[in-house]
Amino acid sequence: MNNIDKKIAELKMHQRMEKEKVSNEQNEPKKEQSENNINLEDIINMIVSGTVRINGSTFIFRKKSYLKERLEMPIPMNYFSEQVNTETNIALMNDLHGVTFSGTYINNAPKKQKFSEFKAGMEKGFKEMGISAEWIEEGHFGEGADEIYYGTYKTPTAKGDLYNFLFYRQYNKTMMIGNYNCFYKEIDTWEPLIKASVLLMNVK
């Protein structure tokens with residue numbers, strides 16, 4: 001089993017456990033990933049093939065390198081405006097649709113952190129900036145150099161609530177931190193696209 005297969009298997013196991021919890025809550029409606037019941041594995045396969053059709057939209061994906069080739073990930077073509085792309089920082093934005101990706105690569109990172117410690121630091125920052133955040137999901141996939149921890153949360157903005165997929169990968173003395181977000185009302189389309197893109201990324 002290759003690294004991507006391991007990541008998919010681990011994420012599917014986590015999602016299955018979450019669904020079991022939700023099924024016990026009688027009054028909470030189930031959220032479908034798409035109108036055609038496309039699952040995450042389907043999205044991954046479509047991204048790898050280059051074309052994703054979901055909820056009436058079509059995205060053409062290609063692999064692109066950023067951070068001086070330290071990061072390679074699939075990106076929808078002609079969708080993002082590249083705001084920043086240096087050796088340590090990347091920022092992509094589609095202002096019209098409210099979708100952004102930002103990442104930071106850190107050399108000589110501090111000691112390896114548990115997600116609970118990382119989350120506590122984020123919450124402290126949110127509090128200091130007066131940001132209200134509602135955490136939704138936490139998990140991890142991969143192992144070794146490919147191990148990625150993530151948490152999703154919702155934040156209010158003047159234009160509407162944002163869905164944030166926050167993740168980090170820490171290996172040896174380096175650390176990659178990223179945040180991929182979209183309007184919360186668009187998560188039926190963008191949540192699976194974001195998760196699949198992070199699963200398929202390669203950090204050197």
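**First stop: the seven-stranded sheet**

Begin with the open sheet formed by 7 strands, whose order is S4-S5-S6-S10-S9-S8-S7 and whose pairing is antiparallel. Select its edges next: strand S4 (81–85) and strand S7 (134–141) each have a single partner strand, so one side of each is left without a neighbour in the sheet. On average, neighbouring strands of this sheet are turned by 10° against each other, direction ignored. Please bear in mind throughout that this is a predicted model.

Select S4 and S5 together. These strands run antiparallel and are joined by 4 bridges; they form a hairpin with 3 residues between them.

Which residues of S5 lie on its covered face, and which on its uncovered one? Strand S5 (residues 89–94) has Ile-90, Leu-92 and Asn-94 on the covered face, while Asn-89, Ala-91 and Met-93 make up the uncovered face.

S5 and S6 are paired in the antiparallel sense over 6 bridges, and Asn-94 stands opposite Val-99 in S6. These two strands also form a hairpin, with 4 residues between them. In the turn, select Gly-98, which has a positive phi of about 70°.

Continue to the next pair in the sheet. Strand S6 (residues 99–106) and strand S10 (residues 174–183) pair in the antiparallel sense over 7 bridges. Here Thr-104 stands opposite Ile-177 in S10.

Select helix H3 (residues 115–129). Helix H3 lies across S7, strand S8 (148–155), strand S9 (162–171) and S10, and runs at about 150° to S7.

Select Glu-147, which has its place in the loop between S7 and S8. Is this residue buried or exposed? Glu-147 has a relative accessible area of 15%; buried means under 20%, so Glu-147 counts as buried. Show its side chain, which makes a polar contact with the side chain of Tyr-149 at 3.1 Å. Beyond its neighbours within four places in sequence, Glu-147 is in contact with several residues, among them Lys-112, His-140, Tyr-168 and Arg-169.

Move to Thr-157, in the loop between S8 and S9. Thr-157 is partly exposed, with a relative accessible area of 37%. A polar atom of its side chain lies 2.5 Å from the backbone oxygen of Gly-160.

Turn to the open sheet of 4 strands, in the order S1-S2-S3-S11 and with antiparallel pairing. Its edge strands are strand S1 (51–54) and strand S11 (202–203), each of which pairs on one side only. S1 pairs with strand S2 (residues 57–66) in the antiparallel sense over 4 bridges, and Thr-51 stands opposite Ile-60 in S2. Select helix H2 (residues 40–49), which packs on this sheet and touches S1, S2 and strand S3 (71–76). The direction of H2 makes about 140° with that of S1.

Within S2, select Ser-57. At 30% relative accessibility, Ser-57 counts as partly exposed. The C-alpha atoms of Ser-57 and Thr-189 are separated by 8.5 Å, although the two residues are 132 residues apart along the chain.

Select helix H4 (residues 187–200). At 1.5 Å a residue, its 14 residues should span 20 Å, and its end C-alpha atoms are 19 Å apart, which agrees. Of these 14 residues, 13 are buried, so H4 is largely enclosed by the rest of the structure.

In soluble globular proteins, nonpolar side chains tend to be buried together. The largest nonpolar core here has 40 residues, and those with the most contacts inside it are Leu-71, Phe-101, Tyr-180, Trp-190 and Met-201. H4 gives the most to this core, with 8 residues. Centre the view on Leu-71: not counting residues up to four places away in sequence, its contacts include Tyr-66, Ile-90, Phe-101, Met-176 and Met-201.

Finally, select Ala-109, Phe-126, Tyr-153 and Met-175, which are included in a second, separate core of 9 residues.

Notes: Residues are numbered from 1 along each chain as its sequence is written. This is a predicted model: local features need pLDDT of at least 70, side-chain atom pairs count only at pLDDT 80 or more; totals for chains, interfaces and linings use all residues. Side-chain values use heavy atoms; hydrogens and water are left out. Two strands pair if DSSP finds at least two bridges between them. Axes are lines fitted to C-alpha atoms, for helices over the stretch in contact, and angles run from 0 to 180 degrees between N-to-C directions. Contact means heavy atoms within 4.5 Å. Buried means under 20% relative accessible area, exposed over 50%, partly exposed in between (1.4 Å probe, protein chains only). A polar contact is a pair of N or O atoms within 3.5 Å; within protein, one must be able to donate a hydrogen and the other to accept it, and residues adjacent in sequence count only if both atoms are side-chain atoms. The expected span of a helix is 1.5 Å times one less than its number of residues. A nonpolar core is a set of buried Ala, Val, Leu, Ile, Met, Phe, Trp, Tyr and Cys residues joined through side-chain atoms within 4.5 Å.
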